[in-house]
Amino acid sequence: MATMTMKMPREEKAVSYASRYSLPAEPKDNDTNSNLCSGPVILLSHGDPTGFKPFWRSVGDKCKVTIDSCDFMSYLTDVGTVCWFLEKELEEAIRQLHSTVGNAVTDDRHIVVGTGSTQLYHAALYALTSPGGPEPVNVVSAVPYYSSYPEETNFLCSALYKWAGDAYTFDKEGPYIELVTMPNNPDGQVRGPVVNRNDGKLIHDLAYYWPQYTPITAQADYDIMLFTFSKSMGHAGSRIGWAVVKDKNVAIKMTKYIELNSIGVSRESQHRAAKILGAVSDSSQCIGANFFQYGKSLMAERWTKFREVINRSRLFSLPKYMEEYCQFSGEDSEPHPAFAWLKCNNDIEDLEIFLRRYKIMGRGGSLFGSDPKHVRVSMLGDEETFNLFLERVSSIQDTISNSNGNGI
Ligand SMILES: Cc1ncc(COP(=O)(O)O)c(C=O)c1O
């Protein structure tokens, strides 16, 4: 009998996505908070959108897809189009959804599909730069920026582009690329480009420009707009994202990147995404607008509850948002961002480390180019985790105010 040997993984510096934020610091024996530390770890460091699952469960068979063993066998979908691996039904569903929601212009624009919008970000960087430049093009975004941008930009040590940090303080000459995340991850603010020079190119990351998170105030119409199935519908595991691109040559180069990187995008995933996006735009299927109603009331309820807890003491604070008219719902509403950008108001220096002692795993402000008094916590997780989080934050506030008697 052949002996099976198990290869031990090489010791690597890089830390896996799943484990990166999952290990809380061990509570010390004499930790006065040990009663709070006895519960489970509350993992809020990732924006895993499982909170939308009850909706999709309630839909039953309406969005079921059946795939036969002989389906989707070819690499090719339609060689006559710019993005030759984009499923026609997905393209139609994307255009229809944007027209129903009114959040982006897609007429006369090219759609490029990617394995999540993460792959499309790399594709866009590749498309906006050219080999042979004197030095890599600087890539910037205004602080606080999405924490993955620096790592994603630099991890291949590309000669084409490099991360150059905060757009507010960027003062280098020459071409640059600015990432505009709208509404912003982590702080939910709606913002535009800040460098505003002629030699700059823009990538708009509109992952959260959907009615459950923010009022839809206008149809976005930018050169490159990135969207994702993860945050729009909650189906992060399908790994589908799409770019809406004005310039044909940019769309061709983005397609080329994906061709070289993964020879296209899973056709099964595209098929499933098409079914779900199509059903959301189609009111006759009785799930249509309901998804956004559901998503919005879920997010609104969570924000209300969280603010109630936070307002009970002065230990933490949250950003405030203005009401605006949402063209999709036809009413004024406040943003309910996918993340809470929590700030501590007392002498706690590092809020991420502080919360870890209570087994709450958020993502610390420094990773977003900001200060460690901030932590980003996900508002998108499942209900049980979210409720446990509220309880634990309440207990922390009680403990701290009892220990110093002044509510801080
Ligand atoms: C602003 C922003 N852009 C892009 C992504 C990545 O999305 P995807 O799951 O499509 O790769 C995320 C995920 O959290 C995000 O927050």
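Me: Helices are DSSP runs of H or I with at least four residues, and strands are DSSP runs of E with at least two, both numbered from the N terminus. Between which two helices is the loop that holds Phe-72?

Reply: This is a predicted model, in which local features need pLDDT of at least 70, side-chain atom pairs count only at pLDDT 80 or more, and totals for chains, interfaces and linings use all residues. Residues are numbered from 1 along each chain as its sequence is written. Phi of Phe-72 is near 55°, a positive value in a residue other than glycine. The loop that holds Phe-72 runs between helix H1 (53-58) and helix H2 (88-101).

Me: Why does Cys-157 count as exposed?

Reply: Cys-157, in the loop between H4 and strand E4 (161-166), also has a positive phi, about 45°, although it is not a glycine. A residue is buried if 20 or more other C-beta atoms, placed from the backbone, lie within 10 Å of its own, exposed if 12 or fewer do, and partly exposed in between. Phe-72 is therefore partly exposed, with 16 other C-beta atoms within 10 Å, while Cys-157 counts as exposed because its C-beta neighbours inside 10 Å number 7.

Me: Which residue in E15 stands opposite Ala-340?

Reply: Two strands pair if DSSP finds at least two bridges between them. By that rule E12 is joined to strand E9 (residues 316-317), antiparallel, by 2 bridges, with Phe-316 opposite Cys-344. E12 also pairs with strand E15 (residues 374-378) in the antiparallel sense over 5 bridges, and there the residue opposite Ala-340 is Val-377.

Me: What is omega for the peptide bond that joins Met-182 and Pro-183?

Reply: Pro-183 is placed in the loop between strand E5 (176-181) and strand E6 (200-205). The bond that joins Met-182 and Pro-183 is cis, with omega about -10°.
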